[in-house]
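Here are my notes after a pass through the model you sent. Keep the viewer open while you read.

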Amino acid sequence: MRRALDLAGRGWGRVDPNPLVGAVVLAHGEPVGEGYHAEFGGPHAEAVALAAAGPRARDATLVTTMEPCAAVGKQPACVAAILAAGIRRVVIAMPDPNPAMAGGAASLRAAGLEVEVGLAREEAERQNAAFLHRHAGSRRPWVVVKLATSLDHRIADQSGHSRWISGEEARDWVHWLRAGFAAIGVGGRTAQVDDPSLTVRGDTEPRRAPTRVVFLGHRRLPLEAALIRTAREVPTILVAPEFTPADAAQFGDRGVTLIPAATLAEGLGEIGTRGIGSIVIEGGGRLTGALLAAGLVDRLAWIVSPVWLGEHGIPAVRGFEVGSLLQAERWVVAERKPLGQDTALLFDRR
Ligand code: AOF
Ligand code: ZN
């Protein structure tokens with residue numbers, strides 16, 4: 001299952017909004033075929049692994065990170081392929097939350113196979129948190145906040161400089177991270193001060209460039225901002241409580257989509273409705289604080305670097321109050337990952 005989970009991870013950036021899935025065929029305890037879902041709409045992990053195993057799949061065990069699909073979609077049903085291959089036992093990490101495809105485990109059992117569900121389930125569910133969120137009925141996308149901070153949780157020095165707090169490995173990792181999201185977001189101040197391009201510039205080429213979203217609040221973005229100038233190449237959305245007819249004309253001309261929304265929850269709901277199922281939001285501090293205060297953060301991807309920026313540095317989280325330790329929300333560690341001198345820590349809201 002560990003191998004299957006690693007294989008599944010290779011689909012990152014290529015399969016969204018479908019799940020990351022990996023599979024291994026074991027005959028007499030030895031791997032005889034493996035596969036993963038490599039491309040949206042392409043062959044499913046189980047089908048790839050079974051094809052690789054060929055006749056060695058007869059009486060073998062199939063280990064898969066997600067329940068095999070029971071229905072035909074863009075691809076044939078994996079349950080049929082498993083039965084045709086003569087698999088005897090199927091080990092599954094997590095059930096398929098997609099109601100259109102679920103029921104695979106039950107069908108396989110009904111056909112007389114030995115089926116086990118739940119091995120490394122937590123890990124599989126973490127890997128497919130965006131996919132689970134998508135099928136949990138929320139209008140808004142799955143929200144990850146990414147922060148790169150000093151040891152004292154500052155995102156910039158007192159004059160606003162943040163290039164670079166984290167090292168190259170961490171910055172490469174951020175490009176890999178971005179590749180798996182439907183959108184990348186920032187706050188209005190960050191967009192104004194940093195003038196970021198919010199594109200993916202790493203080894204992992206995303207299937208579609210993530211849409212860029214600026215949560216402007218009451219700030220305005222100059223028409224010369226990098227995000228506005230390149231809006232015809234990479235989809236760009238501005239979210240703000242209101243826009244004037246002049247905004248609509250100027251930004252509209254440049255290919256920017258404007259979404260009026262009174263609150264962050266409403267803004268996220270609107271972008272969710274437009275088909276954006278996941279977003280990584282990269283600060284700044286006020287947006288992060290407001291998202292936390294509104295309970296809109298599902299995962300925190302925090303890169304911490306061994307440097308001190310001191311009390312006048314810009315804090316990573318602003319305007320988020322917690323009454324007392326008794327009321328404090330405790331999150332769950334999802335992953336700890338060394339990145340050169342830096343460390344990435346992933347925390348999930350319970
Ligand atoms: C995948 N890859 O390896 C597995 C999936 O439209 P389709 O035919 O590609 O079906 C997509 C659904 O199939 C998906 O939402 C999930 O429920 C199920 N399993 N999907 O894209 C895979 N095993
Ligand atoms: Zn399938």
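1. Charges first. The protein chain carries 39 positive and 38 negative charges, and their mean positions sit 2 Å apart. Bear in mind that this is a predicted model.

2. On overall build, the protein chain has twelve helices and 16 strands. Its radius of gyration is 22 Å, close to the 20 Å that the globule rule gives for 350 residues, so the chain is as compact as a globular protein of that length. If you're setting up a box, the C-alpha atoms fill one of roughly 65 × 45 × 40 Å along the principal axes.

3. Packing and surface go together here. Of the 350 residues in the protein chain, 49% count as buried. The protein chain exposes about 16,700 Å², and carbon and sulfur atoms supply 51% of that. For contacts with a separation of 6 or more, 71% come from residues 24 or more positions apart.

4. How many disulfides does a search of the whole structure find? The count is zero. As for individual cysteines, C69 is buried, with a relative accessible area of 4%, and C78 is buried too, at 2%.

5. Please look at the loop between β7 (154-156) and α7 (168-179), where R163 is found. W164 lies in that loop as well, and the peptide bond joining R163 and W164 is cis, with omega about -10°. Is R163 buried or exposed? At a relative accessible area of 57%, R163 is over the 50% cut-off and therefore counts as exposed. For a sense of distance, R163 and L26 are 137 residues apart in sequence and 48 Å apart in space, C-alpha to C-alpha.

6. Another cis peptide bond runs from G283 to G284, with omega near 0°. G284 is in the loop between β12 (278-281) and α12 (285-293).

7. Which backbone angle deserves a look at A120? Phi is near 60° there, a positive value in a residue other than glycine. A120 sits in the loop between β5 (114-117) and α5 (121-127), and at 25% relative accessibility A120 counts as partly exposed.

8. H153 also has a positive phi, about 60°, although it is not a glycine. You'll find H153 in the loop between β6 (142-149) and β7. With 43% relative accessibility, H153 falls between the 20% and 50% cut-offs, so it counts as partly exposed.

How values were computed. Residues numbered from 1 in each chain as written. Chains lettered and ligands numbered in written order. Predicted model: local features only at pLDDT ≥ 70, side-chain atom pairs only at ≥ 80, totals over all residues. Heavy atoms only, no water. Helix = DSSP H or I, 4+ residues; strand = E, 2+ residues; numbered from the N terminus. Rg over C-alpha atoms; globule rule 2.2 N^0.38 Å. Buried < 20%, exposed > 50% of the residue type's maximum accessible area, 1.4 Å probe, protein only. Contact = heavy atoms within 4.5 Å. Areas by Shrake-Rupley, 256 points an atom, 1.4 Å probe, with all protein chains shown as cover. Lys, Arg positive; Asp, Glu negative; His and termini not counted. Charge placed at Lys NZ, Arg CZ, Asp CG, Glu CD. Disulfide = S-S within 2.5 Å.
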